[in-house]
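Trainee: I would like to learn how to read a model like this one. Please start with the contacts.

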Amino acid sequence: MSSSWATLDSTPGRRVFSRPLGNIEACFYWDTVFNSTADLVIHIHLRITQADDKDIHSQPNVMRSWVSVKRRFPLIAAEVQEHGSGLRFILREETVINLRPDDVTFIEVNSFHQAECFINDIMDGPRRLSSHLLTRTYILRRTDESTHFHVVLMMAHCVADLAATTTVLRTFFDTLSSRIEPPYIPLGERVYMYQPPESRLYPRDLPLVKRRWRRALGHAIFSVRNSKIKGGHTLPGDFRESTPHTPAKARIHVSMFSRAVSSIILSNCRRHSITINSAYYALSQVAFSRVLSRRYIRGQISEEEWEYRKRQPMHLLGPLNLRPYQDRDWFESGGSGDVGVNIGVFRYTFPFMPLGEMSRGDASGLELVNGAPDFPALMSFNRFLLRCANVKAQAQKVFRHPRLVDICTAGSRAVLVREVALKWLEMGESVRPEDGRGSVRPVQSLNRILTQTGSTLGNTLDDMIPADYPLPPAQHLSPLCSTPYPHRAGYPPWSPPATAFEDIKTPRLHVECWRIHLHSRPGELYVGTSSMRQQLEYFAYYDQRVFSDEIIVEWIQELKDATLWYLGQSHDNETPLQSKL
């Protein structure tokens with residue numbers, strides 16, 4: 001296999017490998033330089049299930065397990081160096097097979113609440129990752145519950161996406177709870193599996209000239225589409241001239257449905273032949289309408305702003321998993337879950353927010369519910385289904401385009417993000433203003449602006465992080481499973497000894513709960529939905545410098561209420577679904 005990796009030192013035990021970062025990797029690297037923007041932080045609460053296994057979170061066992069993880073996924077031990085020719089990964093064998101001082105940190109906490117406070121300290125404090133440390137782990141031992149502990153994994157986005165992060169965690173938990181150590185893929189072979197995602201997007205036998213032609217065509221289509229994106233609006237917020245150059249104050253808000261209500265919602269989606277993904281976008285629009293209508297009726301939005309907002313389209317940006325579009329052999333042999341960042345972006349543009357009779361700006365004749373027109377007054381159920389169909393049509397147009405991957409990878413922000421990051425480093429504290437610097441910009445001056453970013457994650461999170469460890473052989477992600485599976489990475493083919501199957505008969509480690517934290521970009525509003533343990537949830541990552549906690553909580557509550565109104569009950573002559581809503 002041809003590769004862009006070069007061997008800088010071939011001394012056994014001290015080998016050093018290097019390759020340039022791809023465009024996608026470089027973009028996320030400069031993000032993380034800008035005060036950890038886009039860094040991934042996952043907090044997992046675990047419980048030891050067997051009384052005689054309390055050494056699972058002992059320092060020797062944790063250290064052994066983390067070295068094992070690094071040997072399976074050596075890219076997490078890499079560093080990034082800046083050269084005149086560009087950014088380069090440097091991978092040293094010594095850092096793969098040995099622990100560095102900050103690889104794993106042990107901390108004691110006296111409660112779940114204190115563990116959450118530690119996460120807040122990470123999100124609000126100075127960078128804990130660097131160009132020399134792209135991944136690190138914290139082990140939070142509970143002093144109030146000796147069988148409980150927490151793992152906090154931090155990964156720079158230039159070496160990981162969601163699939164990669166969950167693979168690292170799953171492998172770590174499986175190793176912690178198991179006394180069996182499967183073999184490793186030799187480093188000299190393993191390193192060449194980590195190619196820039198752009199290099200795997202085309203068939204290996206496709207001539208270079210055709211690759212360049214496809215990239216050029218993708219860039220041309222992207223540029224034309226991008227030039228057509230005009231206007232837009234988002235939730236009211238404190239947008240200032242300094243916002244794009246000020247690191248976000250990252251916050252998260254999560255709200256869940258019960259299992260019973262979640263089941264009803266999904267049943268109604270199936271009944272009307274829509275997906276929760278299509279419904280989520282339409283529901284977010286009507287929730288948006290309720291929030292803005294309430295403020296307009298209160299006099300908190302001027303007539304001029306209201307007239308502007310009600311005519312604007314709503315632009316949404318979503319992440320695209322590039323893994324299924326890459327080299328098929330790589331994908332099937334573990335590439336679906338291997339370490340690395342494999343993300344593109346896609347855009348949707350929806351019509352103006354649904355306002356119904358409120359579009360005339362006169363609410364005097366409307367019945368208000370909690371200060372705003374009720375859902376059917378803004379968007380009837382049939383109109384809701386039409387908006388869902390609009391989403392589906394746009395999705396088909398986007399994802400069935402023959403040059404999809406070329407288009408979704410054409411809009412690299414690496415140059416722009418690099419300029420912002422370097423300016424921030426150069427200016428130091430003077431470019432880190434507190435709230436109140438500069439005047440607030442009116443929404444009319446924000447042309448072009450995204451309404452939100454995000455997408456649905458479906459049931460994939462439950463699939464990627466099972467609840468109990470070690471994983472049984474019947475679990476397709478287990479290293480003991482004999483059936484090949486695309487998402488199982490880091491293990492070569494092997495024949496497990498009989499003792500390995502005895503070792504995993506009793507679960508030793510249970511995942512109580514977990515939460516993903518994303519360090520938002522400046523002014524970002526990232527909203528999505530997922531299913532965890534058969535419970536639907538909405539989550540929002542946002543920049544608190546721009547969006548207040550109150551408006552985010554209000555919007556997510558409206559989103560939940562809209563979900564219950566449109567999908568939590570029957571809208572036809574069938575027998576209504578029984579639920580306690």
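Mentor: Contact means heavy atoms within 4.5 Å. In this chain, residues 24 or more positions apart account for 80% of the contacts with a separation of 6 or more. The model is predicted: local features need pLDDT of at least 70 and side-chain atom pairs count only at pLDDT 80 or more, while totals for chains, interfaces and linings use all residues. Residues are numbered from 1 along each chain as its sequence is written, and side-chain values use heavy atoms, with hydrogens and water left out.

Trainee: What does the radius of gyration of the chain say about how compact it is?

Mentor: The radius is taken over C-alpha atoms, and the globule rule is 2.2 Å times the number of residues to the power 0.38. The chain has 18 helices and 19 strands; these are DSSP runs numbered from the N terminus, helices being H or I with at least four residues and strands E with at least two. Its radius of gyration is 25 Å, close to the 25 Å given by the rule for 581 residues, so the chain is as compact as a globular protein of that length.

Trainee: Which residues have the most contacts inside the largest nonpolar core?

Mentor: In soluble globular proteins, nonpolar side chains tend to be buried together. A nonpolar core is a set of buried Ala, Val, Leu, Ile, Met, Phe, Trp, Tyr and Cys residues joined through side-chain atoms within 4.5 Å. Buried means under 20% relative accessible area, exposed over 50%, and partly exposed in between, with a 1.4 Å probe and protein chains only. Here the largest core has 157 residues, and F173, F384 and Y566 have the most contacts inside it. Helix 9 (residues 276-298) gives the largest share, 12 residues. Leaving aside residues up to four places away in sequence, Y566 touches F384, L283 and V286, among others.
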